[in-house]
Amino acid sequence: GRADITPQTGYYLFGWVRSDARAQGQLTRLFARAIVLQRGKRKVALVSVDLGAVPNGLVADAAERVSGRGFSARNVVVSASHTHSAPAGYFNYPAFNTVAPTDTTPSDFELAAPADPQLYTFLARRIATAIRRADRDRAPASAGWGTTPLLGLTQNRSIEAHLAGHGIVRGFGEGSVGLDPLGYRHTIDPLVNVLRVDKFVGSRRVPIGIWSTFADHGTVVKPTFTYYNADHHGAATRLAEAAIRRLGGVPRSQTVVNAYGNTDEGDMTAGI
């Protein structure tokens, strides 16, 4: 299931914590994507959202909206791609809604503001909609895990801090991957994990989606580009969905989702 979660413009952009980064429009739409799996009476919803982060209260409230379908905060898992170009201002913990002034907007800031009720409610409703749509699409299916390393795409943006864990102390800008005694691979998490779901259509198995994780604190788009967008996480997600549809011969009437949950991104980034 998929649901558009692009809000109205005017909200500050997440991640930059600066008051000159306010959304003026959209480059790409933002989405919630959901995969619902059921075995016997047990059910789980795996959800990804094109947001910077997801507060626990938002997950609980979205799950409550689909409680009649057997969901609660116990069987709904929501992950954010961590795009910095999605809205801010919906966090239950108000410190996360702080927006700092800049030299161009010195008087325009918010300090520990409460969650915006309109944005919060909108996001809860739309996440619930994605889960509901996925739940309606349940049918006999098979699922399986796969994993593979992806090297050469990401690097550790705080290599000096990483090297300090080996007892190798270097000043800022003086560290390098070559100083890690275990090599480049040890400075990142290279694993791509995929849960593939195939629906049985007659005698054919049709791939309808994946739940995928890869550690990438990407943030290619800069704060000076003040438009909602899913950054390159979202671009990769859309490319994967298109490839699954093409290679799997998926009918146009069938929704295909790549629920990209990111993972232990930390200081691993493709953005530099």
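About 30 Å³ of space lies in the largest cavity, a cavity being, on a 1 Å grid over the protein atoms alone, a set of points where a 1.4 Å probe fits but cannot get out; grid points are joined across faces, edges and corners, and a volume is the space filled by probe spheres set on the points. The structure is a predicted model, in which local features need pLDDT of at least 70 and side-chain atom pairs count only at pLDDT 80 or more, while totals for chains, interfaces and linings use all residues. Residues are numbered from 1 along each chain as its sequence is written, and side-chain values use heavy atoms, with hydrogens and water left out.

One cavity of 30 Å³ or more is held by the structure. The largest cavity is lined (an atom within 4 Å of a point) by Arg33, Ser48, Val49, Asp50, Ser81, His233, Thr237 and Tyr260, and the elements that give two or more residues to this lining are strand 3 (42-49) and helix 4 (231-248). Helices (H or I, at least four residues) and strands (E, at least two) are DSSP runs, numbered from the N terminus. By class, the cavity lining has two nonpolar, four polar and two charged residues, where Ala, Val, Leu, Ile, Met, Phe, Trp, Tyr, Cys and Pro count as nonpolar, Asp, Glu, Lys and Arg as charged, and the others, Gly among them, as polar.

A pocket, by contrast, is an open set of points with protein on both sides within 12 Å along at least five of seven lines. The largest pocket has a volume of about 640 Å³; 28 residues line it, and those closest to its centre are Val36, Leu37, Gln38, Ala143 and Val197. Strand 2 supplies the largest share of this lining, six residues, and the lining as a whole divides into 14 nonpolar, seven polar and seven charged residues.

For the second largest pocket the volume is about 300 Å³, and of its 17 lining residues Ser212, Phe214, Ala236, Asn258 and Tyr260 are the closest to the centre. Helix 4 gives the most to the lining of this second largest pocket, with five residues, and by class that lining has 10 nonpolar, six polar and one charged residues.

Helix 1 (residues 56-65) and helix 2 (residues 117-136) pack at an angle of about 55°, with their axes 8 Å apart. The two helices are therefore oblique to each other. The contact (heavy atoms within 4.5 Å) is made by residues including Gly57, Leu58 and Asp61 of helix 1 and Tyr120, Thr121 and Leu123 of helix 2, and the residues of this contact divide into seven nonpolar, two polar and four charged. Axes are lines fitted to C-alpha atoms, for helices over the stretch in contact, and angles run from 0 to 180 degrees between N-to-C directions; those under 35 degrees count as roughly parallel, over 145 as roughly antiparallel, 65 to 115 as roughly perpendicular and the rest as oblique.
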